[in-house]
Amino acid sequence: MKIGMRLLLGYFLIVAVAAWFVLNIFLQEIKPGVRRATEGTLVDTATLLAQFARADLRSGHPAHGQLAQAFAALGDYPVAANISGIVKRRNEYRVYLTDHRGIVLFDSAGVALGQDYSRWNDVLLTLRGKYGARSTRSVAEDENSTVMYVAAPVREGDRIVGVLSVGKANSTMLPVIRRSERRVLWAGAALLGIALLTGLAFVLWINRSLGRLSRYADAVSAGNTPPLPALNSSELRKLAQALESMRLKLEGKRYIEHYVYALTHELKSPLAAIRGAAEIIHECPPAGVIRRFSGNILQQNRRMQRLIDHLLRQAQLENVPEIVCQPVALLPLVESLCASRIVQAQGKHLQIDRDSLQGLNVAADRLLLEQALANLLDNALDFTAAGGSVTFTGGQDADEIWLQVSDNGSGIPDYAIGHIFERFYSLPRDDGEKSSGLGLAFVREVARLHQGSIALTNRPQGGVSALLTLKNSR
């Protein structure tokens with residue numbers, strides 16, 4: 001399982017457990033909370049009605065007193081109240097009045113008149129001067145049929161002369177309780193949904209950042225040198241910087257090992273030739289032989305010097321962090337290169353053409369671009385047979401300038417196509433000599449520094465086409 005999915009599941013599990021505890025507490029508190037609020041209104045109502053009940057007790061006819069008349073008139077005044085979606089259509093209070101012995105003198109329901117209620121807690125406790133309340137089932141087998149009663153004393157001075165009790169069925173509170181429970185459950189579901197979306201967004205961000213690091217590591221493993229990815233998290237930035245530091249150290253080590261090995265390998269041949277020539281000269285041969293082998297020594301010395309110069313130039317270029325680009329006109333640059341190679345071209349009866357370069361400008365380091373094009377031109381001249389031609393063409397797209405150097409020479413063998421840009425890899429020229437094998441590697445580094453590319457392909461009609469693309473300077 002991916003780390004992002006593990007984080008999401010862990011985060012969601014924590015949120016779900018926390019939400020379950022919170023919702024469970026809310027749901028457990030809704031019913032008693034509603035009943036406590038209802039009990040408070042019953043206390044206020046009983047206390048108020050007890051003041052009217054005192055006059056009814058004084059009259060001696062409480063069954064026909066003010067309370068009885070008021071409750072009798074309730075039937076003539078229908079209730080149609082919409083309380084936040086809960087419709088109330090009737091009076092839900094039951095009120096009864098007892099004397100100081102607990103005998104019911106008035107009952108709004110008309111079912112307990114004359115009965116002894118002195119043993120019910122609401123009446124019993126109130127007659128003793130305490131807070132009297134009770135909750136009793138109207139149907140013994142149905143727990144939802146409970147009715148809550150709250151009593152208030154009817155006083156005559158300091159003496160309790162009666163008890164007025166107000167009751168309300170708990171079933172009338174069920175719509176409020178259920179609506180509250182539904183809202184809490186909906187809120188919990190919304191909370192879990194928001195938590196899931198938040199966790200998903202967080203996981204996507206983590207996966208995206210880790211994916212960028214993974215792609216960076218894969219590119220480094222493939223031998224590329226991608227830029228360090230920009231990350232928003234300080235921890236991931238530190239990880240990326242650690243990977244970059246490790247890459248640079250490993251590349252530096254491999255770079256030195258590779259160059260030492262390559263240089264040693266390339267120097268073997270000229271050193272062997274110099275040693276052989278020196279041994280022959282040591283035998284004091286005729287003057288003509290000495291001149292010929294002395295020339296061989298000087299030729300091999302120049303070869304080693306060129307190799308070392310190319311290596312130093314390549315190493316310097318690969319360690320350049322960035323370049324300063326300025327607008328460069330391509331036509332004058334190419335014409336200058338062609339003019340400097342006119343003798344070499346005339347010696348092989350080669351024609352150098354320049355086509356569609358007028359008005360092309362590119363943002364580049366002029367010296368590096370000139371050296372890269374010189375390498376491409378030299379390769380084209382070296383591998384083109386006498387009487388052939390080399391052609392420069394160019395063009396531009398929306399954000400790119402492309403320059404193509406084409407020849408009609410021998411082309412690239414199939415076995416060499418995958419190695420042509422490797423350092424020290426070279427093919428023999430017409431004269432049998434091999435170059436340092438660093439020219440095309442140099443061109444590739446120049447293209448990389450200019451955020452461009454270089455590609456060599458065989459032409460169907462024969463020869464090679466080198467396509468160099470650079471950013472447009474506009």
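Let's start with Y149, which counts as buried because its relative accessibility is 6% (buried means under 20% relative accessible area, exposed over 50%, and partly exposed in between, with a 1.4 Å probe and protein chains only). This is a predicted model, in which local features need pLDDT of at least 70 and side-chain atom pairs count only at pLDDT 80 or more, while totals for chains, interfaces and linings use all residues. Residues are numbered from 1 along each chain as its sequence is written, and side-chain values use heavy atoms, with hydrogens and water left out.

**Aromatic residues**

- The structure holds four aromatic pairs (rings of Phe, Tyr and Trp, the latter by its six-membered ring, pair if their centres lie within 6.5 Å; planes under 30 degrees apart count as stacked, over 60 as edge-to-face and the rest as tilted).
- One of them joins Y96 and Y117, and it is edge-to-face because the ring centres are 5.0 Å apart and the planes stand at 85°.
- This pair links distant parts of the chain, 21 residues apart: Y96 sits in strand β3 (residues 93-99), and Y117 in the loop between β4 (104-107) and α3 (121-127). Helices (H or I, at least four residues) and strands (E, at least two) are DSSP runs, numbered from the N terminus.
- Y96 also pairs with Y149 in a tilted arrangement, with 5.8 Å from centre to centre and 50° between the planes.
- Because Y96 lies in strand β3 and Y149 in strand β6 (residues 146-156), that pair ties together parts 53 residues apart in sequence.
- Both Y96 and Y117 are buried, and the relative accessibility of Y96 is 0%.
- Y96, Y117, W120 and Y149 form one aromatic cluster.

**Salt bridges**

- The structure holds six salt bridges (a side-chain nitrogen of Lys or Arg within 4 Å of a carboxyl oxygen of Asp or Glu).
- R58 bridges to E156, with 2.8 Å between the closest N and O atoms.
- R58 belongs to helix α1 and E156 to strand β6, so this pair ties together parts 98 residues apart in sequence.
- R58 is exposed at 59% relative accessible area, whereas E156 is partly exposed at 29%.
- D378 and R341 form another salt bridge, their closest N and O atoms being 2.9 Å apart.
- Since D378 lies in helix α9 (residues 366-383) and R341 in the loop between α7 (330-340) and α8 (342-347), the pair ties together parts 37 residues apart in sequence.
- D378 is partly exposed at 22%, while R341 is buried at 18%.
- E445 and R448 meet at 3.0 Å, N to O, and both lie in helix α10 (residues 439-449), three residues apart, about one turn of the helix.

**Surface patches**

- K31, R178, R182 and R183 gather in a patch of positive charge on the surface (patch residues have over 30% relative accessible area and no salt bridge; like charges are joined within 9 Å, nonpolar side chains within 5 Å).
- Helix α4 (residues 174-221) gives the largest share of this patch, three residues.
- K31 lies in helix α1 (residues 3-59) and is partly exposed at 35% relative accessibility.
- L13, V17, W20 and F21 form a nonpolar surface patch with about 440 Å² of accessible area together (Shrake-Rupley method, 1.4 Å probe; for residues, only the protein chains shown count as cover).
- F21 is found in helix α1 and is partly exposed at 47% relative accessibility.

Key
Lys and Arg count as positive and Asp and Glu as negative; His and the chain ends are not counted. The place of a charge is taken as NZ of Lys, CZ of Arg, CG of Asp or CD of Glu.
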